[in-house]
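This report describes selected side-chain contacts and one backbone feature of a protein chain. The sequence and structure are shown first.

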Amino acid sequence: MTTLSFELPDGSTRTVQVKHLLNAGYAGRELEEVQAHIAELAELGVPGPATTPALYPISPYLAQQVSEVRVQHARTSGEAEWALVITDDGVLLTVACDHTDRELEVHGVAWSKNASPDVLGRKAWRLEDVRDHLDQITLKGWVGQGDTADTLIQDSSLEALLPPDYWLEVLTARGLNEPGTVLISGTVAMTSGVNQFARSWKVEMTDPTTGSTVDAQYVVEPMAEPIG
């Protein structure tokens, strides 16, 4: 079972053994934002969802805090997202990058999201500490063709996405609002013209009230060619 560890602003740490991992999709509050994301994926050949928002169960071991993601080919990419982490000591909010196999996504979104890890940040905030100004928290993603992610590809705020309390109600209804559950939020639109098939990714949330940030960053490494 995967164990994640998070540093909180007061310097303490929280650990959680991941029992359930879920990825939300098409989870924007505004219909135009949702349609923009559907259109982005349509350009890659991905069919639209049957309903929105969507929710995909993911293998729990794919919740990772890594600096490298191994992939089987060049058409994979990340997505800037936030993550809810339910612990024995309350709910944490951190940043996440849902690395997705775009070739496989054409055949099934849930399949594609089980092909690579969800990379989570190593720092987190208590949800109760930021709940009253969640919409002000910024969510940004950068990509790079080298080892540094230096080109902005996503630039939004948590106001663009369905809030954590919405998903906590969904988890409660499904009997999953319990320690060990991790839920990834869904993403925001990417900047047109920026190549998402990058070697490096960085995702960052900034709280303008405190000036604190949480981030996750990694490089993408191709696997060796298969034999047979």
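## Side-chain contacts and a backbone feature

R102 counts as buried, with a relative accessibility of 2%; the term buried stands for under 20% relative accessible area, exposed for over 50%, and partly exposed for values in between (1.4 Å probe, protein chains only). E105 is likewise buried, at 2% relative accessibility. Both residues belong to helix α2 (residues 102-105), where R102 and E105 are three residues apart, about one turn of the helix. Salt bridges with shared partners join E79, D98, R102, E105 and K113 into one network.

The model is predicted, so local features need pLDDT of at least 70 and side-chain atom pairs count only at pLDDT 80 or more, while totals for chains, interfaces and linings use all residues. Residues are numbered from 1 along each chain as its sequence is written, and side-chain values use heavy atoms, with hydrogens and water left out.

A salt bridge is defined here as a side-chain nitrogen of Lys or Arg within 4 Å of a carboxyl oxygen of Asp or Glu. The whole structure holds 14 salt bridges; the table includes three of them.

| Salt bridge | N to O distance |
|---|---|
| D10 and R126 | 3.0 Å |
| D89 and R14 | 2.8 Å |
| R102 and E105 | 2.8 Å |

The D10 and R126 salt bridge links distant parts of the chain, 116 residues apart: D10 is in the loop between β1 (3-7) and β2 (13-17), and R126 is in strand β12 (residues 125-126). Helices (H or I, at least four residues) and strands (E, at least two) are DSSP runs, numbered from the N terminus.

Aromatic rings of Phe, Tyr and Trp (its six-membered ring) pair if their centres lie within 6.5 Å; planes under 30 degrees apart are stacked, over 60 edge-to-face, and the rest tilted. One aromatic pair is found. The ring centres of Y166 and W167 are 4.9 Å apart with planes at 90°, so this pair is edge-to-face. Y166 is partly exposed, at 31% relative accessible area, whereas W167 is buried, at 2% relative accessibility.

Most residues other than glycine have a negative phi. Y26, although not a glycine, has a positive phi of about 55°. Y26 lies in the loop between β3 (20-25) and α1 (31-43) and is buried, at 7% relative accessibility.
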